[in-house]
Amino acid sequence: MSHSKTTFQARWLEQMDDSGVRIGLWCRTVDGAPYKATCILCKKQISCDNSGLHQIKQHAKGENHKRASKIHFSTSQSRFSWKGVAKKDDSQPPLSFKSKTSSPSLSAPILSEPSSAGPSSLIPLTSGDCRVKAEAMWAMKVASSNYSFASTAGIKELFSAMFPDSPIASGMALSSSKVKYLISDGLGPYFLKKMVSDVGQAYYTIHFDETTTNQVKKQMDVLLRYFSSSKGMVQVRFVRAIMFGHAYADRVSGELLDTIRNLKLPIHHLLSISCDGPNVNKSIKRQLESAVVEGGAKGLVDVGFCTIHVVHNAFRKALDNFGGAAENLCLDLFYFFKLSAARREDYKEEQVNLELDEVNFVRHVQSRWLTLLPAVDRVISQMSGLREYFLKTLALRSTEKSDRYKRICRLLNDDTTEVQLLFLQCVKELFDSFLRAFQVEGPMVHCLYSSLVDLVKSLLKRFVKAELVAGKDLADIDVDKAENLLSDNELEVGATTRQKLARVGAGKKIQCLNNMKAFYTGATKYLLSQLPLKNTLLRTMSCLHPDSQKSGTGPRYIKYVAEKMPCVEASEVATIVDEWNLYMEEKIPDSWFSNYDNAEQGEIPYRRVDQYWSQVAAITTPAGQKKYPHLSKVAYCALTLAHGNADCERSLSCNNRMLTKERTCLSESTINGLRHVKDAVYCSGGEVHKIPVDREMITACKNAHSVYLRKLQEEREAEEAKKKAKAKKEAEQQEQEKVRKECEKQLKKLKDDQKDLKSKEKETEEEYQRAKALLQETQERLTKAIIDKDMNNVSLASGFLEVARKKLDDAEKELKLTEKKRKIIVGYEKATKKLKQK
C-alpha cells in the first residue's frame with residue numbers, strides 16, 4: 001500500500017459542491033477505509049486517494065447525483081432533518097421525504113446539521129423552528145456586519161413586503177431588544193459553548209492585549225489558540241472582553257484565571273501566553289505560571305514575548321538616530337490635507353499638471369506597526385508635486401501662515417529630508433517582509449527563529465563587515481567598534497539614497513552617513529537584546545517545517561521539542577524519535593505543503609503547516625493503524641505556541657469597528673455576545689448562510705428570552721438591593737449626623753460648664769487662701785493673747801479661729817468637689833469626641 005495517498009479530511013464536509021449544497025449533507029466517512037467516502041444520496045462509495053476533495057466534488061457533478069440533490073435539497077421540498085451516520089444496511093433509506101408542493105409550507109421541516117454520533121433519527125423542524133432559524137440568521141448578520149440594533153426596527157414588515165408568499169418572513173418577530181438578547185443571551189453563549197467543546201482536552205495558548213475604547217474603558221481581549229481536531233488546524237478564537245479602569249497585574253491575572261475556570265478548561269493544559277512585553281505582563285506571566293505549577297504541570301513553555309512588537313520598537317529606537325525629519329513631514333502632510341477640501345482640490349491640480357497619481361497621503365500612527373513606511377512611499381512618489389505646491393504655489397499666497405505649513409516648507413527646503421525618506425524606503429523591506437510573514441493567522445512558530453536570525457543578519461550585513469557576520473555568534477559582534485564597521489562608501493543605504501547624497505554638501509553628507517550607521521546600530525543592538533535568539537526550543541521547532549523532513553538534525557531537534565512539550569510523557573520520547581525516523585523516509589506529495597494553484601512569479605507559497613501535519617497524522621500502516629500518533633501529538637502541541645500577538649491586534653481592530661462613538665452604551669455582556677457571533681461567522685468563512693443551524697442553536701435562541709428576563713430580574717434585584725443598601729447607608733449617615741450634632745451640642749455645653757467650673761474653681765481657691773490667711777492670723781492673735789493673759793482677746797480669737805477653720809474646711813470641700821466635677825467633664829468630653837468620630 002502506498003502511504004502517499006490522500007486520506008479523507010473531515011474539514012471537506014464544510015465545503016460547498018458546485019450546486020451550492022454543503023458536502024457534509026450528503027457525504028459520509030467510511031469506517032476502516034480512510035481513502036474513501038460514501039454518498040448517501042447515490043448509495044455509492046467515492047475514492048479520494050488521488051486528488052482528494054476534487055474527486056468528491058467531481059462526483060457531485062454527475063447527473064444522477066444532481067437529480068437526487070435537486071429532489072432532496074430543493075427549497076420547494078418538504079423534508080426532514082437527518083441525525084446520525086449513514087447505515088450500512090441499504091434496506092433502510094437514508095432520508096424520508098414527502099411529496100412535492102407548489103409552494104413552501106411553514107410547517108415543512110428543513111434539513112439541519114448532521115450529527116456524527118448517535119442513532120439515526122428523523123427530527124422534523126416545526127414552523128416555530130423555521131421562524132427561529134430565520135431570526136437567528138438575521139441576528140448573526142446584524143452582529144457580523146456591525147449593524148446597529150436600531151436598524152432592526154421595521155425589518156419584519158420589510159421582509160413581509162419583500163417575500164409576500166413566505167409565511168416564515170411574515171411570522172418573524174424582530175425588534176432591537178430581541179436581536180440584542182438573541183445575540184447576548186442566545187447565540188453568543190451558544191458559540192462560546194461550541195468553541196469550548198471543540199477545545200476539549202487540547203493544550204492551549206492564551207493571547208491578551210488591551211486598548212482604551214470609545215467607552216473610555218480599558219478593554220482587554222482574551223483569545224484562545226488551540227489545535228482543533230474537528231477542523232484539522234490551529235484555531236485562534238475570541239473568548240472574552242474584560243473591562244478595566246486600572247489594569248494592574250494582580251487584577252489581570254485574576255481575571256484570566258477566572259476565565260479559565262469558568263470555561264472549565266484544565267489549567268495544567270495552559271501551554272503559554274502571548275502578549276507584548278511591558279513589565280506588567282512579565283508579572284502576569286509569573287502569576288499564571290504559579291497557577292499552572294499548582295495545577296500539576298511543570299510550568300509555561302517559554303518562547304518569549306511578541307517579536308512583532310520587538311521589531312516595531314527596534315525601528316522606533318532607530319528613528320531616534322535618523323529619520324525623525326522624514327516622520328515629521330509625513331505626519332504634517334497628512335494632517336495638513338486631512339480636513340481641508342480646498343487644499344485637496346488645489347493640490348489635485350498640481351498632481352494633474354505634473355502627471356502624478358491622484359492619491360491622498362497615508363496616515364501614520366506612531367504606536368502602530370511600521371505605518372511610517374507606506375507613508376514614506378507616498379511622500380516620495382509625490383515629492384515633485386509637494387515642492388511645486390508648497391514652495392511655489394502657496395508661497396505666492398498670504399493666507400497660509402500656520403505653523404504646520406512653515407514646518408513643511410522648512411523640511412522640503414532641507415536636502416537631508418529627502419535623504420531620510422529615501423533611506424527609510426531602502427530599509428523598508430527588511431522590516432516589512434518580517435511583519436508581513438508573521439501577521440498571518442496560521443501557525444508560524446516553526447519559522448520564527450530562522451526568520452529572526454535572517455532579519456538580524458540582513459541588518460548587520462548592511463553596516464558590519466561580512467566576515468564577522470558569517471563567522472561569529474551574532475550576540476558576540478561589537479557594533480560599537482569602528483574597525484568592525486564598513487566604510488562610508490561600503491555602507492548599504494540604497495542606490496537612490498546615494499544619488500541624493502551626491503547632491504548634498506560634504507558636511508551634511510558625512511553627518512547623514514554617520515546617522516545612518518547610528519540607525520543600523522540602534523536597531524541591531526535593540527534586537528539583539530530583546531529577541532529570543534538564544535531560545536533553543538524556537539530553534540529546534542524548525543524541524544516541523546515540511547522542508548526539514550529529511551534534515552539530519554531532525555531526530556535531535558524533535559527529541560528536544562518533545563521533552564519540552566507538557567503533553568509528552570518521558571517514556572514517549574524514544575517512540576517519538578522512532579516515528580520521526582520513519583517520517584524521514586515517508587514519501588510526502590508536494591501538494592501537501594505547496595500551493596501550486598496560487599503560485600505567482602515563480603514563487604510556490606506554502607500551505608498551512610498545521611494542515612500539513614493533519615495529513616501526516618492521517619497516514620496509516622498497512623494494518624490500518626495510525627503511523628505517527630505520538631509525533632503528530634507533538635506537532636499539534638508545538639504549533640499551538642504563538643509566533644506573535646497579531647491575532648490580538650486584529651481583535652482590537654475589530655472592536656474599534658464595532659464599538660463606535662454611537663454605540664458607547666453597549667453593556668459588557670452585549671459586547672461579548674457580539675464578538676462571539678462575529679468570531680463564529682468569521683471562522684465559517686465570513687458568510688452567515690454557511691453556519692449550520694442545528695437543534696442546539698434553535699433551543700438556545702428559544703431560551704434566550706427567558707435568560708434575558710432572568711438577567712433583567714437579577715439586575716432589578718441587584719438594583720433594588722443597591723437602593724436598599726444606599727437607603728440604609730443614608731439612614732445611618734443621617735443618624736450619625738444627628739448624633740454628631742448632639743455631640744457637638746454636648747461638647748459645647750461641656751466646654752461652657754468647664755469654663756464656669758474653672759471660674760468657680762478660681763474663686764474657691766481665692767476663698768481657701770483667704771480662710772488660710774485668716775486662720776493663721778487668728779492663731780497668731782490667740783497666741784499673743786495667751787502670752788499677754790488677755791482673756792477677752794483669747795475669747796475673741798477663739799471665736800475667730802472657729803470661724804476661720806470652718807471657712808477653710810468649706811473651701812477645701814469645695815475644691816475637692818470642683819476637681820471631681822472637672823474629671824467628670826473631661827471624661828464626658830473624651831467620650832463625646834469618640835462618639836463623634838464614629
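R28 has T38 in β2 as its bridge partner. In this predicted model, that pairing belongs to the contact between β1 and strand β2 (residues 36-39), which run antiparallel to each other and are joined by three bridges. Both strands are part of an open sheet of three strands, arranged in the order β1-β2-β3 with antiparallel pairing. The edge positions are taken by β1 (27-29) and β3 (44-47); each has a single partner strand, so one side of each lacks a neighbour in the sheet. On average, and with direction ignored, neighbouring strands of this sheet are turned by 35° against each other.

Helix α1 (residues 53-60) lies across β1, β2 and β3. Relative to β3, the helix α1 runs at about 140°.

Strands of a sheet pair through backbone hydrogen bonds, and the pairing may be parallel or antiparallel. Y204 stands opposite Y226 of β7. The two strands β6 and β7 form a hairpin with five residues between them, and V216 in the turn has a positive phi of about 55°.

## Packing of α13 against α14

Helix α13 (residues 383-393) and helix α14 (residues 403-413) have axes that come within 10 Å and cross at roughly 125°. The two helices α13 and α14 are therefore oblique to each other, and their crossing is left-handed. On the α13 side, the contact is made by M383, L386, R387, F390 and L391; on the α14 side, it is made by Y405, I408, C409, L412 and N413. Sorted by class, the contact of α13 with α14 comprises eight nonpolar residues, one polar residue and one charged residue.

## Packing of α10 against α14

Helix α14 also packs with helix α10 (residues 324-337), at an angle of about 140° and with the axes 10 Å apart. This angle makes α10 oblique to α14. The crossing of α10 and α14 is left-handed.

From α10, the residues in contact are A325, N328, L329, D332, L333, Y335 and F336. They meet R404, Y405, R407, I408, L411 and L412 of α14. The contact of α10 with α14 divides into nine nonpolar, one polar and three charged residues. Y405, I408 and L412 of α14 take part in the contact with α13 and also in the contact with α10.

## Aromatic pairs

With ring centres required to lie within 6.5 Å, the count comes to 30 aromatic pairs. One of them is formed by Y347 and F361, whose ring centres are 5.8 Å apart and whose planes stand at 40°, so the pair is tilted.

Notes
Residues numbered from 1 in each chain as written. Predicted model: local features only at pLDDT ≥ 70, side-chain atom pairs only at ≥ 80, totals over all residues. Heavy atoms only, no water. Axes fitted to C-alpha atoms, helices over the stretch in contact; angles between N-to-C directions. Helix = DSSP H or I, 4+ residues; strand = E, 2+ residues; numbered from the N terminus. Parallel < 35°, antiparallel > 145°, perpendicular 65-115°, else oblique. Left-handed = near helix turned anticlockwise from the far one by under 90°. Contact = heavy atoms within 4.5 Å. Nonpolar A, V, L, I, M, F, W, Y, C, P; charged D, E, K, R; others polar. Pairing = 2+ DSSP bridges. Phe/Tyr/Trp six-rings, centres within 6.5 Å; stacked < 30°, edge-to-face > 60°.
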